[in-house]
Amino acid sequence: MSQEPTTYTLFLFLALSHGVASQRIPDSSEDLHPLLQKMAEEIIDGSYLNALLDLIQFQSSHVWTADQSDRVLAYLDARHVPFTMSSLQAAMENHLEQRLHQPQKLLEDLRETDTQRFRTAMRCLLEDKKGRLDLKDTIIDLGEIRQQALQSPGVNRSLFLVTLERCFQVLTSLECVEILGRLLRASSGSFLQPDLTDRLPQDLREDAFKNLSAVFKDLYDQTSAHSQRAVYSWMTGILQTSSNATDDCVSWVSAEKLWILGRYMVHLPFEEIMKISPVEIGLFISYDNATKQLDTVYDISPELAQAFLERISSSNFSMRNTSTIHRLGLLVCFYDDLELLDAAVAQVLLHQMIKCSQLRGFQAGVQKLKANLLDIATENQTLNETLGSLSDAVVGLTYSQLESLSPEAVHGAISTLNQVSGWAKSQVIILSAKYLAHEKVLSFYNASQMGALLGGVSTQAFRSMDCRDLPQALRSTVAQHVSDLSPAQQQGVLSKMIEGGDPASGIVEIPGAFFKEVSLFDLRREPGFNPTVLKDKELRRSQALFLYELLLKTTGRPGELLSAGQLVKGVTCSHIDAMSADSFLAHFRYFENNLFLLSPYQVNCLAWKYWEVSRSSMPPFLLAVLPARYLASIPASQCVPFLISLGKSRLDSLVLDSHKKTSVLRRVQQCLDDSIADEYTVDIVGNLLCHLPATIIDRGISPRAWLPALHRLRDCPDLSPEQKAAVRCRLLEQYGLPQNWTAETTKDLGPFLVLFSADELSPIATKFPDMLQQTASKLAGTLPPREFLWAVFDSVRNSSDGSPSSDAIPGCHGVPAPSSDDVFKLAEANACWAPEDLLCIQEDTFIRNVELLGAVKGFSLPQLLALKEKAVQVWDTPSYWREHHIVSMGRIALALNESELEQLDLSSIDTVASLSQQTEWTPGQAKSILQGFLDDSGYSIQDLKSFHLVGLGATLCAMNITEIPLIKISEFRVVVARIGTLLCSTHVLAEFKRKAEVVFGDPTEWTSSVLQELGTIAAGLTKAELRMLNKDLMPYFQPSAIKCLPDEIFKELSAEQIACLGPENAAAVTHAQRQRLGTAQLQSLQRALDGAKAQPWQDAPASAVPTRTPASCSPPGAPISRGLGLGCLLLVLMAKPQWG
């Protein structure tokens, strides 16, 4: 949500004088330049766009003198059209806003303007320099203005259409192509609808055609499949016209034309590829940029890839030559000439195949090819000898293969192993242990060598690092792989670093994502922070609250604090209220540019402040967070800016209460008149489309608006069941039943396949199984509808080469057990296997795929029990399982009963940390894990370190209330924030709260940062403590803490306290808590939900609606109303003093 740039309130090209034209010129027409006379005539006719273009044309070759304004006004007066500066300005502003908010009108104006003016407009659009229009008393920043105008909803579309229609008649084709390219890139390709390609010129010069083709290639991934096909047809139509081929047996496709097609080469028919002459394909593959091009054919099919490989092999290039293999790009992922392949060539192929993860689908085939090449590459050699030459195929090695490796082999291959992506956590554990067995101790040097393997280093090994090495490691390798480390590992690193040296310098040195793990206790001990060192650090809100308050005492410049990265999270309402009107308006852009970092409460505070100091220029989206009556007061004339502003925001983050969201959407619907009339309306509503009711989707989106609307609906994360049903109905109306869909339709509608039944998807599963499976792979980690999963399941099973025989397994005769291919392709659809199928899975298949199976969210308890039994069959009883076995289990471990959990070796906190990532343990299971760690590690509660507490995670909730007091305060205080994320019982939270009092003092002394740090621990407050809590602290409870407060305690909050909860915490109040409240408390809760001030008398009257009022002529640098500001942007969007 970008802030429109500050421009100047002026009648854009005449508001340069400091008054009306008091000095009259008798015969002004004789003294006024013809272009300015022409401009004045357009003003008289109300054609302000034409007038502006005349001015720009004048400015391109003339110098504006101080008396020009008086001369123009005198001319108008002589024509009996006298203007005062204010009336002229008001007329202009009105016109500008109309064109901004109705970009169709802009399109009409540009279509109707004469050739000279249109040429001026196009040249303005073409100008790339950051020019400034110098009109003596006023300077207009043209570069920023142009940039913002091109991003205005609908304006870009109008400019694109009119450029396509008229530009090629007035400018060179090269210039027009450059303009089209800029407009397309600004739209992310969304304008490229299939029908639009019919309007692309067919007679472009070769250089212009190549340039426009390059634009289409750059936007390929943002373009729909139908549009890709249409662009391909346009490109090949022109390319074939210029072809000299006359023989049908010889393709028109030459080396150069393949290069021009770029990624569109994947649309060539199989038959056409097979006709490409060996000479041309050989010439193409010899190009230096051929490899770069082939590296980007992410969506090529196996059939077409093998066709290209066949043609390349028909040229003079040997497919077993290392140089040729290096040139194949992603075609190497489909290499199939394995007969009598040399081990060295296999290793070269494997090295090139590291890029195959970028393919859109077909990964199962890639895995199979890698496995075959791996067998060839290691033929007649040991794995120890070849490890460093196997590239990322090593990911396919089993546990037994990895465990057979020598430490020396892992050490020698580390430069390959550390770059491989796709490692399973269990594999990394084995390899890192092998590497450290050779190195003996973890140092900065060998940590920097480990790269992707760092996640397998034990917490204890990190703790054993030399204190002098840690800061250096944190600044480099470890920081780059922080996302691979568990919370326990991170805490182990941090605690060691803070313990080991000067705490102040140590904390300041902690980089980026690591910094958010630093405790509030440690921050409070160190006053030596400044805004500069915080710019690149991730901050928890509690940290930001503390640091902002701390630095505010020493830094008098708000801009310095607000621009310090995530420090803006720490701004409170009192800070905002304390800002002067001028300071607030001058610094608002920092808030708006970081809106995603702000809490709903902070946004609400900003809205009230803006309303109080400058409601006439208030960003309309802020009205949505004020009480509903403010929203209802928006006049119809302000609907479009309101929709644009709100459409750029994330409504779910702005408005959390469902009832209030309904009122916001009701106002949106009123502005839209319950319909989406055309593509311009889609541009304007933006993200709001995801929230419009099903009735509008079903009946309110016009056919003209449907395609661009569908493009936006694809990216909506949480459509309601009613919305999904409406989308499904529209899709059936538009495209018919899935059995009639083309490949392009299926690809374009991929995200919507989950809306259809298994029967409806059956034809898709038959015709386009790869597309269905690609859609399923993108949904890994979510829970798609069961019907969709069954369609995917049937598709994979029907296309399977056949399951491995499981007859040798007792009770499995005739059971269709899963193969490795099946498990890999099915992803979440593995949840469709019957428990007996899973129990009959072959040992090798289970070992290779246990982590994939453990990640399936949809498995039921019987399925998990079957997989657990298979693990016992393969690895023996749990007492024999090692850390990598336990880590690989994922959700399967949930099937272990308490007795089996007690058998596990839980001496390592890293093993326990992997188990604690699961959130579905029963209290009995959690207690078994906790006790197992204490027994196996030999630690008592008193011995637990901070990283132990973090690694134990949710199992801490299984502690007895007599055990919690035994935790050392020195360890507890540095992990309060982590413990504050746990959803423990009230009694456990109450005990943690007592420990928090030792760290932070009596609850009456707690600050906003402390309350935020405590998280759910704050739900352990007693009735008396809660009643005594300062009402100004109520917004700083975490929503999770509000939900955890027992109903009988929550009802003890006063009406004043509840009114101060803020929108986010008010939305977290549960139904049961609400049921216990009295009338006054419920009224206060509603005020908090509405975003009202805590006290009714504090609310400003809503009658003064935020409409724009004409501003007086402002000096350079003065802010103006947004309506005018963005309107000015529109029509001086590309002005330039000189064409150069």
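In which sense, left-handed or right-handed, does helix 3 pass helix 7? The crossing of helix 3 with helix 7 is left-handed, a term applied if the near helix is turned anticlockwise from the far one by less than a right angle, with right-handed used if clockwise. The model is predicted, so that local features need pLDDT of at least 70 and side-chain atom pairs count only at pLDDT 80 or more, while totals for chains, interfaces and linings use all residues. Residues are numbered from 1 along each chain as its sequence is written, and side-chain values use heavy atoms, with hydrogens and water left out.

The protein contains 71 helices and two strands; helices (H or I, at least four residues) and strands (E, at least two) are DSSP runs, numbered from the N terminus. Of the 1140 residues in the protein, 58% are buried, where buried means under 20% relative accessible area, exposed over 50%, and partly exposed in between (1.4 Å probe, protein chains only). The accessible surface amounts to about 45400 Å², and carbon and sulfur atoms contribute 50% of that surface. These areas come from the Shrake-Rupley method with a 1.4 Å probe; for residues, only the protein chains shown count as cover. Contacts are defined by heavy atoms within 4.5 Å. Among contacts in the protein with a separation of 6 or more, 72% are between residues 24 or more positions apart.

Two packed helices are described by the angle between their axes and the distance between the axes. Axes are lines fitted to C-alpha atoms, for helices over the stretch in contact, and angles run from 0 to 180 degrees between N-to-C directions. For helix 3 (residues 48–59) and helix 7 (residues 115–126), the axes come within 9 Å and cross at roughly 70°. Helix 3 is therefore roughly perpendicular to helix 7; angles under 35 degrees count as roughly parallel, over 145 as roughly antiparallel, 65 to 115 as roughly perpendicular and the rest as oblique. On the helix 3 side, Asn-50, Leu-53, Asp-54, Ile-56 and Gln-57 take part, meeting Gln-116, Arg-117, Thr-120, Ala-121 and Cys-124 of helix 7.

Helix 49 (residues 769–778) packs against helix 50 (residues 786–799) at an angle of about 130°, the axes being 10 Å apart. This angle makes helix 49 oblique to helix 50. Residues of helix 49 in the contact include Pro-769, Leu-772 and Gln-773, and those of helix 50 include Phe-788, Ala-791 and Val-792. The crossing of helix 49 and helix 50 is left-handed.

In helix 15 (residues 278–286), the buried residues are Ile-281, Gly-282, Phe-284 and Ile-285. They lie on the same side of helix 15 because they cover an arc of only 160° around the axis, the arc being that of the directions from the helix axis to the C-beta atoms. Their cover includes helix 13 (255–261), helix 16 (290–294), helix 17 (302–314) and helix 18 (322–327). Leu-261 lies in helix 13 and is buried, with a relative accessible area of 0%. With residues up to four places away in sequence not counted, Leu-261 touches Lys-217, Tyr-232, Met-235, Thr-236, Leu-239, Trp-252 and Leu-268. The C-alpha atoms of Leu-261 and Thr-236 are separated by 8.2 Å.

Most residues other than glycine have a negative phi. Lys-440, although not a glycine, has a positive phi of about 75°. Lys-440 is located in the loop between helix 25 (425–439) and helix 26 (444–450) and counts as exposed at 70% relative accessibility. Ala-827 has a positive phi of about 50° and is found in the loop between helix 51 (820–826) and helix 52 (835–839).
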